[in-house]
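Hello,

Here is the structure we spoke of handing over. Please open it, then read the notes below.

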Amino acid sequence: MKILNYGSFLQAFSLKMQFEQRGHEVFFIDIKPGRKIVNLPPNKINLLSKFDKYVFKRIENYILSKKMKRIHIDDYTKYLEINKKLSEGEKYDLVVIGSDEVFNATQPSSWGFTTQLFGCVENAKKVVTYAASCGQTTYESIEKYGITQDIAKSMKNFSSISVRDFNTYDFVKKLTGKEPYIHVDPVFLSDYDMYIPAIKTKKPYILIYAYPNRISDEKDIAAIKKFANKQNLQILCIGMQQRWCSNNKPATAFELLGYFKNADYVITDTFHGTVFSIKYNKKFGVLIRESNRNKLSGLLNQFGLMDRCINDAEDIGSVMTSPINYKTVNLCVEQEKEKSYRYLNDISQLE
């Protein structure tokens, strides 16, 4: 498990619960490194630029990130049992690749391009995917890097392919000639309530769930603060710091869900922040940028929630206060969940 974040953990834990409910023992296989085709960007540090009004916040951010790494490792170890290994010489009856951006082959990463994520899994009797996504990777980009045939050949090992979005659907169909299934993120599938602790705060709040320091536009910040003041809400950032926010709190994954459940409003710029908001029927808005437009627009469109897009700071107040017909949304979610349950039942019985 090379990705330490809330979304990665919660989708993995959900799939673990789903397969255990179907009578399977679950193990986690780490990503096998491949060859480097895209280099990670250089980590340039300009010390002079660090001495500004946020210098103390940067120190807080460093401390928070260290705490969060320990929290994530504890969650992964306790709930996913990532240290549990298959006995030597045994084979996995079924390996499920996913969810999320497991097909994002041209994204810079520490493991590089590995055919393991496209079906070449050692020691597996059957290999399938669940809600896989290619993220920003396109058919044109894999042609550019000369890995098209490697991927197409590897995908022949899949007994069944499930994807998360229409971009990945087209990607897989072009590579394999087959139409994959489309399924929702596994976070939708499972009930975490028995793990979620009671959350107490001094006053009602608006939850900000965004990548660290990603909300940096002064207009966005001013609009969020204006909305919070008008609604008499405190602003909380959980697990990931925004330097302009005075309440940045560490939390376990289940504490995070508790904060989502109790929030009066949510503003997010992430896929899973949007999933959590829908799952717990929150009043929410999604900050849209070119880097997240395709991924988040696909999710929102699927549930008829395109009106939750915040394209401009001036939209924040109107988006956040506009009503959401969760009766219709929840019906759609339940229909998608049933499709997923049928798929999981089918792959659980593959021979």
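How are helix 1 and helix 7 oriented to each other? They are roughly perpendicular, a label for angles of 65 to 115 degrees (under 35 is roughly parallel, over 145 roughly antiparallel, the rest oblique).

Some ground rules. This is a predicted model, where local features need pLDDT of at least 70, side-chain atom pairs count only at pLDDT 80 or more, and totals for chains, interfaces and linings use all residues. Residues are numbered from 1 along each chain as its sequence is written, and side-chain values use heavy atoms, with hydrogens and water left out. Helices (H or I, at least four residues) and strands (E, at least two) are DSSP runs, numbered from the N terminus.

Helix packing

The axes of helix 1 and helix 7 (residues 253-262) come within 10 Å and cross at roughly 100°. Axes are lines fitted to C-alpha atoms, for helices over the stretch in contact, and angles run from 0 to 180 degrees between N-to-C directions. Helix 1 brings Tyr6, Phe9, Leu10 and Phe13 to this contact; helix 7 brings Ala253, Phe254, Leu256 and Leu257. Contact means heavy atoms within 4.5 Å. The classes: Ala, Val, Leu, Ile, Met, Phe, Trp, Tyr, Cys and Pro are nonpolar; Asp, Glu, Lys and Arg are charged; the others, Gly among them, are polar.

Helix 7 also meets helix 8 (residues 271-279), with axes within 9 Å and a crossing at roughly 55°. Helix 7 and helix 8 are therefore oblique to each other. Their crossing is right-handed. Leu256, Leu257 and Phe260 of helix 7 touch Gly273, Phe276 and Ser277 of helix 8. The contact of helix 7 with helix 8 has four nonpolar, two polar and no charged residues.

Back to helix 1 (residues 6-21). Its axis and that of helix 11 (residues 326-348) come within 10 Å, crossing at roughly 60°. The crossing of helix 1 and helix 11 is right-handed. Leu15, Gln18 and Phe19 of helix 1 meet Tyr341, Leu344, Ile347 and Ser348 of helix 11. This contact of helix 1 with helix 11 counts five nonpolar, two polar and no charged residues.

The structure holds one cavity of 30 Å³ or more. On a 1 Å grid over the protein atoms alone, a cavity is a set of points where a 1.4 Å probe fits but cannot get out; a pocket is an open set with protein on both sides within 12 Å along at least five of seven lines; lining residues have an atom within 4 Å of a point. Grid points are joined across faces, edges and corners, and a volume is the space filled by probe spheres set on the points.

The largest cavity has about 30 Å³ of space. Its lining is Ile37, Val38, Ala105, Gln107, Pro108, Ser109, Gly112 and Phe113.

The second largest pocket holds about 230 Å³. Of its 14 lining residues, Met155, Phe158, Ile161, Thr176 and Lys178 are closest to the centre. Helix 4 (148-155), strand 3 (158-160) and helix 5 (166-176) each give at least two lining residues.

Backbone

Glycine 98 and serine 99 are joined by a cis peptide bond, with omega about 20°. Alanine 131 has a positive phi, near 50°.

Best wishes

Notes
A crossing is left-handed if the near helix is turned anticlockwise from the far one by less than a right angle, and right-handed if clockwise.
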